[in-house]
Amino acid sequence: QAALGAVVHDRAPYGAVCEQYFEYLRAGHAASGKPVFLVSNRQGSGADPQVQENTRLGFPVLDGLRSFLVGTRCLLAFRDFQAQIAEHGLPTREPLLTEEQEIAAQRWAGHLSNGATLDEFESLLLLRDFGIPVNPSGLANNETELVQAAEQLGFPLALKSAQPGLLHKSDQGGVRLNIHNIAELTAAYQEMSHRLGPRVLLSPMAAPGVEMVLGVVRDEQFGPLLMLGFGGIYVETLKDVAFALPPFSPDAARKLLDGLKLRALLNEARGRAAVDIDAYCAAAAQLSQLAARLADCISEVDINPIMVGVSGCVALDALVSGYCPNEPATH
């Protein structure tokens, strides 16, 4: 069904509008009950008495097709926002947390309120405390701890440097994937620790899926905004993401996801099963609860990638930065 109608014509000489155009508008409105507009391809004269009269009667005359299309996009976005309010109730800044999550929120607020940035291990713990599925992990500072962690997690494993202050681990050779046994693990650790330092993070290799992203960014006017979309190494080039004010429901997350350009990549195709969109939307909703509860002390959350598989999803890498309004964040 159409949301609105438009009759697009050039103006008559001297900016006049033919009465026949308004007959189209009245007939279309009578048949559909939808708002209708008369749009001129070219700029005309808004002072025409017929233009002013019909605009007052609810049949607006607008000059310029481009400006009409921009206005229509904004109007439909406002319609969708009103529909979301009607479906889910008025937006609220009050998150819905379990008792355990509220206790965790109070503990993490103390860590973040000074503007500090959590390391990857701590960031994953924070997400786990708020019900977001994360990949198990273990820290090690020497070979003995490394072997103990590997025995607990099981092979195949990913090995990452966890040295404080080390950014862009992949660019500096700080990530090794698909390690299948202790010999491979110790050899990789010796080489990596020699270059970058002894502190490392171990985690199991994740099942294949589609790499998505979840995040929180801080806007000076609105506070935390949640971001969802397609992630991995292409997140900055594809830029296929959507933003929303937290908190919101999994259904609201699904509507945001359905509006992305690459949405079809999540469907079944050529023998590949569809991925678990519901699990991803549930994780997005949980992150929105986190963002709303820790709004006063969260500067940024970056979960990239969160791997969305056939059954479930799991955050593979994360970074959480605190917010202190009086001091710059410590990175």
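The protein chain has a radius of gyration of 27 Å, whereas a compact globule of 331 residues would have one near 20 Å. These values come from a predicted model. Along the principal axes, the C-alpha atoms fill a box of roughly 90 × 50 × 35 Å. The chain exposes about 18200 Å². Carbon and sulfur atoms supply 55% of that area. Of the 331 residues, 40% count as buried.

The secondary structure comes to 10 helices and 13 strands. Take the contacts with a separation of 6 or more: residues 24 or more positions apart account for 64% of them.

**The nonpolar cores**

In soluble globular proteins, nonpolar side chains tend to be buried together. Here the largest nonpolar core has 48 residues. Which residues have the most contacts inside this core? They are Leu287 and Leu294. Helix α10, residues 277–293, gives the most to this core, with 9 residues. A second, separate core has 15 residues, including Ala140, Ala149, Leu159 and Leu196.

Look at Leu287 in the model. Setting aside residues up to four places away in sequence, Leu287 touches Leu127, Ile132, Leu214, Gly215, Val216, Leu226, Val301 and Ile303.

How many disulfides does a search of the whole structure find? The search finds 0. Two cysteines show the reason. A disulfide needs two cysteine sulfur atoms within 2.5 Å. The closest cysteine sulfur to that of Cys313 is in Cys281, 9.2 Å away, so the distance is too far for a bond. For Cys324, the closest cysteine sulfur is in Cys297, and at 10 Å it is also too far for a bond. Cys313 counts as buried, at 9% relative accessibility. Cys324 is buried too, with a relative accessible area of 14%.

Asp240 sits in the loop between α8 (235–238) and β10 (241–244). Is Asp240 buried or exposed? Asp240 counts as buried because its relative accessibility is 3%, and buried means under 20%. A polar atom of the Asp240 side chain lies 3.1 Å from the backbone nitrogen of Lys261. Lys261 is also among the contacts of Asp240 beyond four places in sequence.

Asn54 has its place in helix α2. Asn54 is buried, with a relative accessible area of 4%. A polar atom of its side chain lies 2.9 Å from the backbone oxygen of Gln50. Leaving aside neighbours within four places in sequence, Asn54 is in contact with Phe22, Arg26, Phe59 and Pro60.

**An exposed residue in the helix**

Helix α2 spans residues 49–56, and Pro49 is found in it. Pro49 counts as exposed, at 63% relative accessibility. Where does Pro49 lie relative to Leu245? The two are 196 residues apart along the chain, and their C-alpha atoms are separated by 44 Å.

The table gathers the accessibility values.

| Residue | Relative accessible area | Class |
|---|---|---|
| Asp240 | 3% | buried |
| Asn54 | 4% | buried |
| Cys313 | 9% | buried |
| Cys324 | 14% | buried |
| Pro49 | 63% | exposed |

Helix α2 thus holds both kinds of residue: Asn54 has its place there and is buried, while Pro49 is found there and is exposed.

How values were computed
Residues numbered from 1 in each chain as written. Predicted model: local features only at pLDDT ≥ 70, side-chain atom pairs only at ≥ 80, totals over all residues. Heavy atoms only, no water. Buried < 20%, exposed > 50% of the residue type's maximum accessible area, 1.4 Å probe, protein only. Core = buried A, V, L, I, M, F, W, Y, C linked by side-chain atoms within 4.5 Å. Helix = DSSP H or I, 4+ residues; strand = E, 2+ residues; numbered from the N terminus. Contact = heavy atoms within 4.5 Å. Polar contact = N/O pair within 3.5 Å; in protein donor to acceptor, adjacent residues only side chain to side chain. Rg over C-alpha atoms; globule rule 2.2 N^0.38 Å. Areas by Shrake-Rupley, 256 points an atom, 1.4 Å probe, with all protein chains shown as cover.
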